[in-house]
Amino acid sequence: MQLSAFPFSTILFDLDGTLVDSAPDVLEAIAAVLRDAGDPVPRMELSIIGPPLEGIFREVCPDADEAKIARHVAAFRDLYFGGTFPQSTPYPGIFALLERLRAKGCRLFVATHKPEAAAQRMLTLKGFMPFLEGVGCTDSLPDRQLCKKDIIRLLMERHALDPASMVMVGDTALDIRGGNEQGIATIAALYGYGDKAKLLAERPRYLTDDPEWRTLRKAE
């Protein structure tokens, strides 16, 4: 599909695995937390990245109780979120896409499960903030943990967004499910971390194999 024919004017991007290849820093921090706690470090697939931290640590520590999961999450936050994400890099071609979308008059946002302070920090350090009108995160409302559907709805309310003009771009089933549940179009970023079969099972409207959308097409 040519970008000139793309029918949406408001694009919401996931962050990890969609805008930024953050896996090296994330996996290294998870492993460090487990080693420091004396826990075994399992072989970790990239598909664990994307859900909230509690879900990630439940997957890598299936026998841990909730108290231990909470300690691991706190340790990860201390280790990872205050850093500079040195091994995390924007995907090749992603800035070219953002430039083209901005030139087309599109409004650009990020909807991520990352906590807001960390998301804002990463987006600033990696050069994304000048492109973005807003950022929605899992903790963007006090005393609540928002799922992707909630984050999308929050951005809609804060920025008076029309769902008919919106599309959610993400690399995990949670991204596509959240967009579908909120009644907006979705693009599955197949180049990211998510399991392809699970992504397709959520019935995205569009697919792309690359961050610059050279292969953007309607899902079959």
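A salt bridge is a side-chain nitrogen of Lys or Arg within 4 Å of a carboxyl oxygen of Asp or Glu. The structure on display holds 14 salt bridges. It is a predicted model, in which local features need pLDDT of at least 70 and side-chain atom pairs count only at pLDDT 80 or more, while totals for chains, interfaces and linings use all residues. Residues are numbered from 1 along each chain as its sequence is written, and side-chain values use heavy atoms, with hydrogens and water left out.

**First stop: Asp 16 and Lys 114**

Select Asp 16 and Lys 114, which form a salt bridge with their closest N and O atoms 2.9 Å apart. This pair links distant parts of the chain, 98 residues apart. Asp 16 lies in the loop between strand E1 (10–13) and strand E2 (20–21), and Lys 114 in the loop between strand E4 (107–111) and helix H5 (116–125). Here helices (H or I, at least four residues) and strands (E, at least two) are DSSP runs, numbered from the N terminus. Are the two residues buried or exposed? Asp 16 has 8% relative accessibility and counts as buried; Lys 114, at 6%, also counts as buried. Buried means under 20% relative accessible area, exposed means over 50%, and partly exposed lies in between (1.4 Å probe, protein chains only).

Next, select Arg 102 and Glu 99, whose salt bridge has its closest N and O atoms 3.3 Å apart. Both belong to helix H4 (residues 94–103), and because they are three residues apart there, about one helical turn separates them. Arg 102 is partly exposed at 38% relative accessible area, and Glu 99 is partly exposed at 40%.

Then select Asp 209 and Arg 217, whose side chains meet in a salt bridge of 3.0 Å, N to O. Asp 209 is partly exposed, with a relative accessible area of 38%, and Arg 217 counts as partly exposed at 31%.

Two packed helices are described by the angle between their axes and the distance between the axes. Select helix H1 (residues 23–36) and helix H2 (residues 53–60): their axes come within 12 Å and cross at roughly 60 degrees. Axes are lines fitted to C-alpha atoms, for helices over the stretch in contact, and angles run from 0 to 180 degrees between N-to-C directions. H1 and H2 are therefore oblique to each other; angles under 35 degrees count as roughly parallel, over 145 as roughly antiparallel, 65 to 115 as roughly perpendicular and the rest as oblique.

Which residues meet here? Ile 30, Val 33 and Leu 34 in H1 meet Ile 56, Phe 57 and Val 60 in H2, where contact means heavy atoms within 4.5 Å.

Select Ile 49, in the loop between H1 and H2. Ile 49 counts as buried, at 3% relative accessibility. Not counting residues up to four places away in sequence, Ile 49 touches Asp 16, Ala 23, Val 26, Leu 27, Thr 172 and Tyr 193. The C-alpha atoms of Ile 49 and Ala 23 are separated by 7.3 Å, although the residues are 26 apart along the chain.

**Last stop: Gly 170**

Finally, select Gly 170 in strand E6 (residues 166–170). Gly 170 is buried, with a relative accessible area of 0%. Leaving aside neighbours within four places in sequence, the contacts of Gly 170 include Asp 14, Thr 18 and Asp 175.
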